[in-house]
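Please read the points below with the model open.

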Amino acid sequence: MSARPQILDGAIAMLRAGESLSLESAAKHAGLTKPGLMYHFPTKEALMLALVDRVVDDWEREVAAQLDGPVESAAPADRIGAYLEWALKGEADLSDLVMFADPRLCERLTARWTERMRPWLAVPDHVPAPERARLAAVRLIADGLWFADAMDNLPPDVQEREALRDLAQSLLEGAR
């Protein structure tokens, strides 16, 4: 059995705890030697990219449950609405910000994050500008919720979340 899931679980736990992540610290947390960890992740970049994929994979499973079918056949308003509903749950934590965990790798990690999120959040160019603006506003509301929760930086309370849901739903209705 591969140690990869154990390594990634440990690294995610470290990020949730706000700890610095290195190959050595990840190996120690997983109960491996550094060379043992490097068998699976030869560089810190490889480990960090795998963490981005792991976080997005987990996120996709949760958001996909909000849709009636596959993401490829969902309308932009449905995809972004599913993202909004996930963000309203308030379950984000520091590990969700994995792409910011290493300033030297931030550009590469953010590029992977964007690549993975594009099928969910991109709006086709043919969508009229007013509808695009409504969808962008809902996405930015969801992004703000996600970030506030992940950072525990003045996250909205239950009443504010309901008001944000109502506002975002009215924007989504205008985009359908």
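**Notes on the predicted model**

1. Helix H7 (residues 129–151) packs with H8 at an angle of about 155°, their axes being 8 Å apart. H7 is therefore roughly antiparallel to H8, a label for angles over 145 degrees, where under 35 counts as roughly parallel, 65 to 115 as roughly perpendicular and the rest as oblique. Axes here are lines fitted to C-alpha atoms, for helices over the stretch in contact, and angles run from 0 to 180 degrees between N-to-C directions. Helices are DSSP runs (H or I, at least four residues) numbered from the N terminus, and strands are runs of E of at least two.

2. The model is predicted: local features need pLDDT of at least 70, side-chain atom pairs count only at pLDDT 80 or more, and totals for chains, interfaces and linings use all residues. Residues are numbered from 1 along each chain as its sequence is written, and side-chain values use heavy atoms, with hydrogens and water left out.

3. H7 passes H8 in a left-handed crossing (the near helix is turned anticlockwise from the far one by less than a right angle; clockwise would be right-handed). On the H7 side the contact (heavy atoms within 4.5 Å) is made by Glu 131, Arg 134, Leu 135, Ala 137, Val 138, Ile 141, Leu 145 and Asp 149. H8 contributes Arg 161, Leu 164, Leu 167, Ala 168, Leu 171, Leu 172, Gly 174 and Ala 175. By class, this contact has 11 nonpolar, one polar and four charged residues. Ala, Val, Leu, Ile, Met, Phe, Trp, Tyr, Cys and Pro count as nonpolar, Asp, Glu, Lys and Arg as charged, and the others, Gly among them, as polar.

4. The axes of H5 (residues 76–88) and H8 (residues 158–175) come within 11 Å and cross at roughly 180°, so H5 and H8 are also roughly antiparallel to each other. Ala 77, Gly 81, Leu 84, Glu 85, Ala 87 and Leu 88 of H5 meet Arg 161, Arg 165, Ala 168, Gln 169 and Leu 172 of H8. The contact of H5 with H8 divides into six nonpolar, two polar and three charged residues.

5. Glu 85, in helix H5, touches Gln 66, Arg 165 and Gln 169, not counting residues up to four places away in sequence. Glu 85 and Val 63 are 22 residues apart in sequence and 8.0 Å apart in space, C-alpha to C-alpha.

6. Which residues of the largest nonpolar core touch the most other members? They are Leu 21, Leu 47, Leu 51 and Trp 113, in a core of 57 residues. Such a core is a set of buried Ala, Val, Leu, Ile, Met, Phe, Trp, Tyr and Cys residues joined through side-chain atoms within 4.5 Å. H4 gives the most to this core, with 10 residues. Beyond its neighbours within four places in sequence, Leu 47 is in contact with Ile 7, Leu 8, Leu 21, Leu 23, Ala 26 and Phe 41.

7. Arg 112 has its place in helix H6 (residues 106–121). At 16% relative accessibility, Arg 112 counts as buried (under 20% relative accessible area; exposed is over 50%, partly exposed in between, with a 1.4 Å probe and protein chains only). Leaving aside neighbours within four places in sequence, Arg 112 is in contact with Leu 49, Val 52 and Asp 53.

8. The loop between H7 and H8 holds Asp 152 and Leu 154. Phi of Asp 152 is positive, near 50°, and that of Leu 154 is about 55°. Asp 152 is exposed, with a relative accessible area of 61%, and Leu 154 is exposed at 76%.
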